[in-house]
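User: Please go through the model shown here, taking its overall make-up before individual contacts.

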Amino acid sequence: MLFEREPLTPAGRKEVLMRLFGAAARRGDEWSAVNHVPVAVLEAHGDLAAHVRFMLEAARNNRSLTREQQRLLHKTERLLDSLPESIIQTLPAGPEDNWLQLYRKLVDMHGLLEDALPDLDEEEYTAIVQKTVQLAEAVAASAAVEVSAASMFALMLMQAHLNKHETPKPRRCAGRRTTGRKSRGAKS
């Protein structure tokens, strides 16, 4: 053969997928770097924070909380306090940066609230999910990374590729192990 093709390695495939995601997710030339937090983001954050703080305060007044639930409420409050910094870091972050930081924290906060307050009714649960989605939507509308069908598909391809080529962790046996000395002693 005149031109021999070299097969693409898994690392090369990852690089191609990352470039594809970067091209799909990067805002066009009309987007200028955000030097401020947009009003819509501030309003959505304030709405979510006020609602969660009200829920936390109401839960703390409940005398039947376990220590674990109290610990989770405290952890939720600390996470809520860290959201403004995450918003500021997420808005200008490009596709190659940690642009998912805020979204991950919102997912973590949702999980903490579910664990700390298992008896939420449908109305409260719906309200907290809607307020979380509104904040995520407001940030996504102003962020450097455009959340679109193309960028999300490229991200899903990257995730599938990474999951496929991850090195599996060695399995641990659930059974008991006996040491050589104990097993020899048992035979005697």
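This is a predicted model: local features need pLDDT of at least 70, side-chain atom pairs count only at pLDDT 80 or more; totals for chains, interfaces and linings use all residues.

Analyst: Residues are numbered from 1 along each chain as its sequence is written, and side-chain values use heavy atoms, with hydrogens and water left out.

User: How many helices and strands are there in the protein?

Analyst: Helices (H or I, at least four residues) and strands (E, at least two) are DSSP runs, numbered from the N terminus. The pattern along the sequence reads α-α-α-α-α-α-α. The count is seven helices and zero strands.

User: Which percentage of the residues in the protein is buried?

Analyst: Buried means under 20% relative accessible area, exposed over 50%, and partly exposed in between (1.4 Å probe, protein chains only). Of the 188 residues, the buried share is 32%.

User: Are α1 and α6 roughly parallel or antiparallel?

Analyst: Axes are lines fitted to C-alpha atoms, for helices over the stretch in contact, and angles run from 0 to 180 degrees between N-to-C directions. The axes of α1 (residues 10-25) and α6 (residues 149-164) come within 8 Å and cross at roughly 165 degrees. Angles under 35 degrees count as roughly parallel, over 145 as roughly antiparallel, 65 to 115 as roughly perpendicular and the rest as oblique. Therefore α1 and α6 are roughly antiparallel.

User: Which residues of α6 meet α1?

Analyst: On the α1 side, the residues include L17, L20 and F21. Those of α6 are A150, S151, A154, L155, L157, M158, H161 and L162.

User: Is A154 buried or exposed?

Analyst: A154 lies in α6. Beyond its neighbours within four places in sequence, A154 contacts L20 and F21. Because its relative accessibility is 2%, A154 counts as buried.

User: What separates the C-alpha atoms of A154 and A23?

Analyst: The two residues are 131 residues apart along the chain. Their C-alpha atoms are separated by 9.6 Å.

User: At what angle do the axes of α3 and α4 cross?

Analyst: Helix α3 spans residues 67-90 and helix α4 residues 101-116. Their axes come within 9 Å and cross at roughly 165 degrees.

Note on methods:
Contact means heavy atoms within 4.5 Å.
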